[in-house]
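Subject: Structure for you to look at

Hello,

Here is the structure I promised to pass on. Please open it alongside this message.

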Amino acid sequence: MKKEMLSLNGWIDEATRWQQSLDEFLIDYNMRELECSEEDLLAKMQDMLKVMEKSVEYGLTGVRSHSGLTGGDSKRLVEAAMGEHFVSLLGEKAMDAVIYAMAVGECNAAMGRIVAAPTAGASGVLPGVFFSLKKHCQLSDEVLARGLVVAGSIGMVIAERASLAGATGGCQAECGSAAAMAAGAAVAMLGGSAQQVGTAVAIVFKNILGLVCDPVAGLVEVPCIKRNGACALQALLAAQLALSGISSFINADEAIDAMKSVGDSLPCALKETAGGGMATTPTALAWAKQYFAGAHK
Amino acid sequence: MNLIDIIGPVMIGPSSSHTAGAVRLGLLAASILGGQPVQAEINLHGSFAETYQGHGTDMALLAGLMGWTPDDERIPEAEKYAKEGGLTYSFKKIDLGNMAHPNTVLFKLTSASGSYCEIMGSSVGGGQVKVTEIDGFPVELTGRLPAILTVHIDTRGVIALVTSTLANAGVNIATMRLFRSNKGGMASMVIECDEAVPQEILNLIGALQQIESVRFIASVL
């Protein structure tokens with residue numbers, strides 16, 4: 001008997017049929033899967049949120065990476081926003097999502113402690129979206145924990161149908177998937193329908209499809225940290241569209257499958273090997289040469 | 001993958017393969033040696049050799065050898081702790097050829113009691129690891145489950161003796177792999193179990209005539 005693949009469409013239909021909210025449905029599903037109580041499941045999610053909060057704090061201290069290539073940008077953004085002549089282009093919710101996402105990216109690059117959700121390289125997107133909405137939409141810790149179950153469940157579907165690894169599917173599979181998880185969770189946390197969660201997931205993949213993984217010198221720094229910020233924004237955009245009642249012509253499962261097929265056709269050079277994209281620009285190559293010479297003297 | 005795999009693990013950055021996976025390789029190597037080494041020559045191949053400092057792979061490997069887990073906040077300072085704790089170490093670049101996985105490490109470890117062991121392993125992605133060689137002998141050990149590693153003489157019935165000992169102790173076998181140098185020569189078993197194997201059971205297995213050595217390797221995931 002062939003095992004059926006996980007399906008976000010299927011979960012959405014089932015939750016709708018049973019008149020359950022998607023978070024309620026997915027909490028039940030994961031309790032059965034992990035053989036644990038709702039209390040234990042949400043407590044585990046709370047623990048993860050606490051680690052994420054600490055990662056944001058550490059990133060915002062302005063830490064620099066060990067290679068010296070990156071660091072301090074999230075702090076710079078906070079300071080700029082407080083400046084007298086600051087022109088706000090994003091608005092507070094989007095700005096904070098970017099700041100927190102980049103802070104976690106900088107914490108990760110500086111060997112700080114992070115939750116690899118879904119991966120270390122894309123660990124900023126979920127905290128970015130979650131903590132901005134917590135602050136500006138007054139979401140409780142319980143709502144956030146339930147949202148994390150939704151995010152993780154979306155990740156389970158992506159992991160099974162496609163991949164969450166940059167080495168397998170490019171950055172679209174890593175930061176892109178993180179954005180899809182965050183977008184779906186944001187819709188659920190703000191009271192959107194199960195259908196709207198699926199729409200948000202599909203919209204993210206439509207907007208980030210083809211994003212390659214091209215780290216300078218193979219390090220999780222350039223362009224990874226800013227991509228975490230960018231993908232937090234993509235998540236908010238998709239959630240905004242879905243919550244406004246806009247639908248997606250392509251459904252969530254098909255959008256995930258399309259991401260897989262694009263990932264499969266990406267050349268190896270664009271999948272975490274530092275063999276193309278930003279990693280092979282003259283600036284990147286010159287820096288990498290100097291860095292490796294220094295590392296092995 | 002389940003929800004906990006996706007929303008986790010908690011780890012020290014920046015890379016699941018080059019940092020978290022490296023800690024796990026160190027943990028497995030120390031476990032195979034039978035405890036924390038006092039001397040470690042750490043040979044790095046491929047991507048490990050190229051980017052080990054930027055990813056903190058060197059510190060992660062030392063952290064694992066000292067028995068720390070991938071979420072230990074002392075990892076960035078592992079070198080300092082290693083020096084204070086009396087662990088002498090060196091890092092070298094080696095070329096294991098095109099066939100070797102790009103993230104491969106070859107440990108040459110000496111324990112406090114003077115035993116010596118060479119362990120080769122790779123970080124194969126997403127923090128998953130695989131030990132592929134112990135003292136030149138091919139094995140396959142992932143650290144996902146607690147495991148027993150034997151070195152024995154390839155003889156009829158030796159596998160049945162070991163597995164029935166485990167069965168009598170109520171230990172369930174999850175996976176099992178056999179390796180041998182040649183018929184009737186040195187052989188090895190890697191048995192992954194669903195639960196940890198108590199010392200008295202290991203003693204029983206070790207006492208079997210055909211068994212040269214038996215080691216218990218704790219899970220590192």
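This is a predicted model: local features need pLDDT of at least 70, side-chain atom pairs count only at pLDDT 80 or more; totals for chains, interfaces and linings use all residues.

Chain B

In secondary structure, chain B has 7 helices and 11 strands. Its radius of gyration is 17 Å, close to the 17 Å that the globule rule gives for 221 residues, so chain B is as compact as a globular protein of that length. Along the principal axes, the C-alpha atoms of chain B fill a box of roughly 50 × 40 × 35 Å.

Of the 221 residues in chain B, 44% count as buried. Among contacts in chain B with a separation of 6 or more, 68% are between residues 24 or more positions apart.

Contact with chain A

Chain B puts 28 residues into the contact, and chain A puts in 37. On the chain B side, α1 (3-6), β1 (10-12) and α3 (47-51) each supply at least two residues. By class, that side of chain B is made up of 12 nonpolar, 13 polar and 3 charged residues.

Strand β1 of chain B also pairs across the contact: 3 bridges join it to strand β1 of chain A (residues 113-115), and the two strands run antiparallel. Within this pairing, Val10(B) is the bridge partner of Val115(A).

Regards

Note on methods
Residues are numbered from 1 along each chain as its sequence is written. Chains are lettered from A and ligands numbered from 1 in the order in which they are written. Helices (H or I, at least four residues) and strands (E, at least two) are DSSP runs, numbered from the N terminus. The radius of gyration is taken over C-alpha atoms; the globule rule is 2.2 Å times the number of residues to the power 0.38. A residue is buried if 20 or more other C-beta atoms lie within 10 Å of its own, exposed if 12 or fewer, and partly exposed in between; C-beta atoms are placed from the backbone. Two residues are in contact if their C-beta atoms, placed from the backbone, lie within 7 Å. Ala, Val, Leu, Ile, Met, Phe, Trp, Tyr, Cys and Pro count as nonpolar, Asp, Glu, Lys and Arg as charged, and the others, Gly among them, as polar. Two strands pair if DSSP finds at least two bridges between them.
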